[in-house]
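Here is a briefing on one protein chain.

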Amino acid sequence: GVQTCALPIWRELEVRGTRFRGTSDTEVLLASIEQWGLRRTLAQVNGMFALALWDRHERRLTLARDRMGEKPLYYRASASSLAFASRLTSLRSLPDFAGAIDRDALASYLQLGFITHPRSIVTGVSQLEPGCLLEASSGDNGLVLKHERWWQLADEIVPEPQRRPVSPDEDRKSTRLNSSHSQQSRMPSSA
């Protein structure tokens with residue numbers, strides 16, 4: 001399931017006449033993608049999600065992951081197929097899944113306390129990076145994969161010359177307002 005901060009999108013879609021059967025974020029995301037497309041929807045979503053979207057007209061599968069990589073999304077590509085899951089254990093059922101430990105990923109984990117993207121602990125299985133999408137389609141020579149970063153933190157950071165000093169009082173007030181807004185805009189999840 002998808003967990004995301006979709007309330008502003010839900011409100012805008014309702015104003016435009018969209019009627020929802022429930023309150024799940026998944027329903028809101030699908031309606032938003034249908035209305036505005038995937039990239040605009042991703043730009044509006046603020047929260048934890050991993051999604052797979054099949055475009056039957058373009059015959060293209062798109063995987064996308066939230067900005068900070070809170071929701072995992074693993075994939076394994078071969079010349080002719082792509083398997084994906086939110087848990088590594090789900091990929092064990094693949095016929096040629098060996099499950100060998102990726103030694104570089106293990107070293108990363110032991111040194112840093114986490115595995116750097118796009119590696120996973122299993123050889124041949126990758127993690128989709130935070131704020132990225134992966135498009136898979138058939139080409140003349142088999143599976144064609146296209147990685148794209150749809151969000152990055154650097155785009156959100158205000159350059160130094162545009163910043164102004166903030167007093168501790170202003171900082172506390174801003175934190176309370178942002179926290180309050182975040183809590184109010186969350187919808188029940190369809191996890």
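Helices (H or I, at least four residues) and strands (E, at least two) are DSSP runs, numbered from the N terminus. In these terms, K146 sits in strand β7 (residues 142-149). The model is predicted: local features need pLDDT of at least 70, side-chain atom pairs count only at pLDDT 80 or more, and totals for chains, interfaces and linings use all residues. Residues are numbered from 1 along each chain as its sequence is written, and side-chain values use heavy atoms, with hydrogens and water left out.

**Fold and surface**

- The chain holds five helices and seven strands.
- Their order along the sequence is α-α-α-β-β-β-β-α-β-β-β-α.
- Of the 191 residues in the chain, 32% are buried. Buried means under 20% relative accessible area, exposed over 50%, and partly exposed in between (1.4 Å probe, protein chains only).
- Among contacts with a separation of 6 or more, 46% join residues 24 or more positions apart. A contact means heavy atoms within 4.5 Å.

**Nonpolar cores**

- A nonpolar core is a set of buried Ala, Val, Leu, Ile, Met, Phe, Trp, Tyr and Cys residues joined through side-chain atoms within 4.5 Å.
- The largest core has 18 residues, and L13 and L42 touch the most other members.
- Helices α1 (7-15), α2 (25-36) and α3 (38-44) are the elements that give two or more residues to this core. The largest share, five residues, comes from α2.
- A second, separate core has 10 residues, including A50, L61, Y75 and L82.
- L13 belongs to helix α1. L13 counts as buried because its relative accessibility is 0%.
- Not counting residues up to four places away in sequence, L13 touches T18, F20, V28, A31, S32, Q35 and W36. L13 and A31 are 18 residues apart along the chain, with their C-alpha atoms separated by 7.8 Å.

**Largest pocket**

- Its volume is about 290 Å³. On a 1 Å grid over the protein atoms alone, a pocket is an open set of points where a 1.4 Å probe fits, with protein on both sides within 12 Å along at least five of seven lines; lining residues have an atom within 4 Å of a point. Grid points are joined across faces, edges and corners, and a volume is the space filled by probe spheres set on the points.
- The lining consists of L30, I33, E34, G37, L38, R39, L53, W54, D55, R60, T62 and E135.
- At least two lining residues come from each of α2, α3, β1 (50-55) and β2 (60-65).
- By type, the lining has five nonpolar, two polar and five charged residues. Ala, Val, Leu, Ile, Met, Phe, Trp, Tyr, Cys and Pro count as nonpolar, Asp, Glu, Lys and Arg as charged, and the others, Gly among them, as polar.

- K146 is partly exposed, at a relative accessible area of 43%. Beyond its neighbours within four places in sequence, K146 contacts L133, L134 and E135.
- The C-alpha atoms of K146 and A136, 10 residues apart along the chain, are separated by 6.6 Å.
- The peptide bond from H117 to P118 is cis, with omega near 5°. P118 lies in the loop between α4 (103-112) and β5 (126-127).
- R59, in the loop between β1 and β2, is a non-glycine residue with a positive phi, near 55°. R59 counts as exposed because its relative accessibility is 57%.
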